[in-house]
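Good morning, everyone. Please have the view open as I talk.

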Amino acid sequence: MFRGLAPDARHITLEVQDVTVDEPSEDLALAVGHDGPFTLGGRAAHATVTRAVDRRSGGNVIEVAVTPGEWQTDHRLLYPGHVFIDDRRLGHSMSMAVGGPVTLSCADPTGAATAVTVASSLVHVRGPWELEIPVA
Amino acid sequence: MGSASCALPLDGDAVFVPGVGFRPAEVAIARVPVTREHAGRTITVERAAAGPDGTEVVLSDTGLCEWDNTQMAPWANDPVRLRDGSGHVFGQRGWRGGTGRRGSKDDPRIQTIQRELTLEPLPAGTRTADLLVGDAVLPLEFESSAVAGVRAVALDVTTSRHGVAVRAVRIARSAEDTAIELALSAPDDERRVVRAIGASPFGGPHGHQPPVTFHDDAGTTYQERQVFRDPG
């Protein structure tokens with residue numbers, strides 16, 4: 001939603017700068033302690049995998065902090081769409097802060113998991129998409 | 001076809017209702033928010049739109065509950081129904097946005113359940129109804145969307161890039177606001193799903209500029225000031 005258009009406007013040019021697309025990928029195991037690049041769906045990013053304690057539940061979790069990859073022809077990997085240990089149906093939580101990595105967290109009830117699996121790619125796609133719209 | 005915003009199949013007149021989105025003109029909109037305290041919880045109806053195909057409801061439900069990563073708060077599945085003035089009860093018909101939750105920064109025991117659901121349609125012309133959330137009763141008053149909204153005009157303008165199609169579907173103009181409905185899709189690869197305009201489905205943190213702007217024929221630039229994500 002935008003502010004009101006000038007009454008005499010007859011035509012606008014709308015620009016969408018960028019979008020985020022969920023793309024399928026292979027499953028990729030990342031070991032606890034991993035701190036480096038990884039490649040998912042053919043695109044690279046950086047991940048740090050650590051054990052942690054969930055602030056709310058006090059339970060064991062494994063956190064995957066992801067820094068987006070470099071642009072490759074108007075595409076870059078933001079972060080995996082899914083993180084799990086054994087059961088891909090279980091959800092994960094996510095936290096993010098401006099300027100910081102996206103942290104994906106999944107429960108590790110036994111506290112003994114040695115790796116997590118990441119799957120699917122949230123890919124940032126750069127435009128722009130331009131639409132010429134008559135508004136008269 | 002992957003899609004971030006399935007354009008609503010609106011036949012006939014449509015309106016844009018601030019806080020709700022584009023809807024058929026015959027849809028009635030509840031005056032919101034409506035909040036009630038119940039059994040230690042705070043329940044708020046954030047949106048309700050009654051149409052011939054059902055009544056969309058968005059509500060938040062906040063209370064104390066030990067956080068458990070593997071399950072929602074116990075009240076997350078309380079049945080939600082509508083009761084009209086004749087006492088007839090209308091049940092839940094389906095899920096639109098599903099159920100989400102968020103924790104409080106101040107107290108980890110406080111959690112808010114956000115529910116988006118669709119109930120069976122109310123009789124045409126219904127102006128008052130009670131929303132029943134478990135045992136809680138939240139009275140709703142509906143008004144015509146023609147009163148609450150701005151008439152929309154259909155568009156059909158599409159452009160594609162990198163396999164992602166962006167379509168302008170509708171526009172609604174008032175002196176104060178311009179609302180444009182966009183539908184995004186990946187028409188050539190059904191495995192790809194367009195999650196969001198911008199750099200993240202959740203709004204950050206990688207955004208660098210307003211993801212949508214437009215300029216008019218006088219060269220004036222307009223930046224978006226509010227975004228509605230409507231799963232349709």
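Let's start where the two chains meet. In this predicted model, 54 residues of chain B are in contact with 46 residues of chain A. Which strands of chain B supply at least two residues each to the side that touches chain A? They are E14 (150-161), E15 (164-173), E16 (177-186), E17 (193-197) and E18 (212-216). E16(B) gives the largest share, six residues. By class, this side of chain B has 26 nonpolar, 16 polar and twelve charged residues.

Stay with E16(B). Strand E1 of chain A, residues 2-3, is joined to E16(B) by two bridges, and the two strands run antiparallel. Look for A:Arg3: B:Asp177 in E16(B) stands opposite.

Next, confidence. For the complex, the predictor gives an ipTM of 0.87 and a pTM of 0.78. Chain A has an average pLDDT of 91, and 99% of its residues score at least 70. Chain B averages 84, with 84% of the residues at 70 or above. Where in chain B is confidence lowest? In strand E1 of chain B, residues 2-3, with a mean of 34. Strand E12 of chain B, residues 128-133, has the highest mean, at 97. Over residues 1-8 of chain B, pLDDT is below 50, yet this stretch has 31 contacts in the model beyond near neighbours in sequence. A word of caution here. Where pLDDT is low, the predicted coordinates should not be read in detail.

Back to chain A. E4(A) pairs with E5(A), residues 43-53, through six bridges, in antiparallel fashion.

The largest nonpolar core has 83 residues. Which of them touch the most other members? A:Val19, A:Val64, A:Val116, B:Ile29, B:Val45 and B:Leu131. Strand E10 of chain A, residues 115-134, gives the most to this core: seven residues. From chain B, domain 1 (2-9 + 150-223) and domain 2 (19-147) each give at least three. Zoom in on A:Val64. Leaving out residues up to four places away in sequence, A:Val64 touches A:Leu30, A:Ala47, A:Val49, A:Val83, A:Leu104, A:Val116 and A:Val118.

Last, some backbone exceptions. Most residues other than glycine have a negative phi, and most peptide bonds are trans. A:Ser120, in strand E10 of chain A, has a positive phi near 65°. Is A:Ser120 buried or exposed? Buried, because 20 C-beta neighbours lie inside 10 Å. B:His162 has a positive phi too, near 50°. This residue sits in the loop between E14 and E15 of chain B. With 15 other C-beta atoms within 10 Å, B:His162 is partly exposed.

Then the cis bonds. A:Gly127 to A:Pro128 is cis, with omega near 10°, and A:Pro128 lies in strand E10 of chain A. B:Val32 to B:Pro33 is cis as well, with omega near 0°. B:Pro33 is in the loop between E4 (28-30) and E5 (34-38) of chain B.

Conventions. Residues are numbered from 1 along each chain as its sequence is written. Chains are lettered from A and ligands numbered from 1 in the order in which they are written. This is a predicted model: local features need pLDDT of at least 70, side-chain atom pairs count only at pLDDT 80 or more; totals for chains, interfaces and linings use all residues. Two residues are in contact if their C-beta atoms, placed from the backbone, lie within 7 Å. Helices (H or I, at least four residues) and strands (E, at least two) are DSSP runs, numbered from the N terminus. Ala, Val, Leu, Ile, Met, Phe, Trp, Tyr, Cys and Pro count as nonpolar, Asp, Glu, Lys and Arg as charged, and the others, Gly among them, as polar. Two strands pair if DSSP finds at least two bridges between them. pLDDT is the predictor's confidence in each residue, from 0 to 100. A nonpolar core is a set of buried Ala, Val, Leu, Ile, Met, Phe, Trp, Tyr and Cys residues joined through C-beta atoms within 7 Å. A residue is buried if 20 or more other C-beta atoms lie within 10 Å of its own, exposed if 12 or fewer, and partly exposed in between; C-beta atoms are placed from the backbone. Domain bounds come from an automatic or database domain assignment.
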